[in-house]
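Please keep the sequence and the structure in view while reading.

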Amino acid sequence: PMRSVGQFVVFLSIVMVIVGGWQFYLWARLVRDPGWPEPYARMATVAIIALTLAPPLVVAGARWLSRPVLKAISVSLYSWFGMAFLLALALFATDLARWVLRGVQWLSGNAPPDDPARRTLIARSVAEAAGLTVAALGVVSVRSALGEVDVPEVNVKLERLPPALSGLTLVQLTDVHIGPTIGRKFLEQVVEKSNAARPDAIVITGDLVDGSVASLREHVAPLAKLKARYGVYFVTGNHEYYSGVDQWMAELERLGVRVLRNERVTLGDRGASIDLAGVDDHSAHGFGPGHGADYARAFRDRDPERELVLLAHQPSQIVQAAPAGVGLQLSGHTHGGQIWPFGALVRLNQPYVAGLHRHNDRTQIYVSRGTGYWGPPMRLLCPAEITKLVLTPA
């Protein structure tokens, strides 16, 4: 326990240093350099410091806050950090352009003399332009995140799918992130749209919740109304392990959702069927004995001539899945980047960020952009989705 506490303190310290540097950069470009008059400069400085220090305090005190208060605070903080990400990109792009221009002027011998008044005017103009641009993008992003969830239909051709099962429909939900800012009302809409797609099976590929069963039981209750011919299935994401995974697996089973933990089931009937397997999240092995993806167990004694669909939260798990003969892997985790251009950073950690991809001659992967959102209630050029996958023989 003491070692765990020490590791957490080190982790939190590293995060705060990174966040502190990020927020200092914003303060320097938006407050210090423009030289705004008082009391506006002081007010902005206090606000940035408060927003930087607030998250760990809110996490520590969350259990004593009512849900409406926690939601209001969380939305405010997360929204700021989403806007701060876009502001940092806009300001850095401007700084980069200025550095290039200065370099060209210096090399050509035409560098202008230093003019403090001109420098301040440029700094204010840049701050105002960045602020207005990001504010507009923020409005668009919030409307996208809080609006209607798309239900795209994706056709997937599988080599080993029996002709009798042509048109087999799977509805994929993933990364709903029911928690401080997403609750029962949102999930009720998701359930209604999922059922309206008339799926043969519904699969939930992790990161369903952000919070304990005790605090979120009533908000996940609508899952009991999901209807599919061959059932509803779930695999863990990394966030379940932060929220009490054993308690959540028991709660989902109580709601009629089958949790696949390194195991497989049959979809279809005696005339025609395929295998549906599910493995724990890639990070699960770090949460104690009995947790962790076990592909050998999930695929044990499987007929290689049968089609196999795998539920695995992280796209990177395709590396272990493909050699085992998986025909289609369904994943989430990436949110498609959620706020453009964050997807470029996600690609450094995951081989696929969004959409349908062919990994090799036999294996394909579909990565959903996610059904909800995490952190900022914002989605920029990356709408949420409830995916309707229609399987047909190749």
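The paragraphs below treat a helix, a sheet and several backbone features in turn.

The structure is a predicted model, in which local features need pLDDT of at least 70 and side-chain atom pairs count only at pLDDT 80 or more, while totals for chains, interfaces and linings use all residues. Residues are numbered from 1 along each chain as its sequence is written, and side-chain values use heavy atoms, with hydrogens and water left out.

**Helix α6**

Helices (H or I, at least four residues) and strands (E, at least two) are DSSP runs, numbered from the N terminus. Helix α6 covers residues 213–220, and its buried residues are V213, L216, H219 and V220. Viewed down the axis of α6, these buried residues fall within an arc of 125°, so they line one face of the helix. The arc is that of the directions from the helix axis to the C-beta atoms. An α-helix has 3.6 residues a turn, so residues three or four places apart point the same way. On the other side of α6, A214 and E218 are exposed. Here, buried means under 20% relative accessible area, exposed over 50%, and partly exposed in between (1.4 Å probe, protein chains only).

What do the buried residues of α6 pack against? They pack against α3 (67–108), α5 (184–196) and α7 (245–254), where contact means heavy atoms within 4.5 Å.

**The sheet**

Six strands form an open sheet with mixed pairing, in the order β1-β12-β2-β3-β4-β5. Its edge strands, β1 (153–158) and β5 (258–259), each pair on one side only. Two strands pair if DSSP finds at least two bridges between them. Strand β2 (residues 168–173) and strand β12 (residues 387–393) pair in the antiparallel sense over five bridges. The bridge partner of T169 is V390 in β12. Strands of a sheet pair through backbone hydrogen bonds, either parallel or antiparallel.

**Backbone features**

Most residues other than glycine have a negative phi, and most peptide bonds are trans.

| Site | Feature | Value |
|---|---|---|
| E38 and P39 | cis peptide bond | omega about 5° |
| W340 and P341 | cis peptide bond | omega about 5° |
| H333 | positive phi, not a glycine | phi about 75° |
| Q338 | positive phi, not a glycine | phi about 65° |

P39 is placed in the loop between α1 (2–32) and α2 (40–61). The loop between β9 (328–331) and α10 (343–346) holds P341. H333 is found in the loop between β9 and α10, and Q338 also lies in the loop between β9 and α10. Q338 is buried, with a relative accessible area of 6%.
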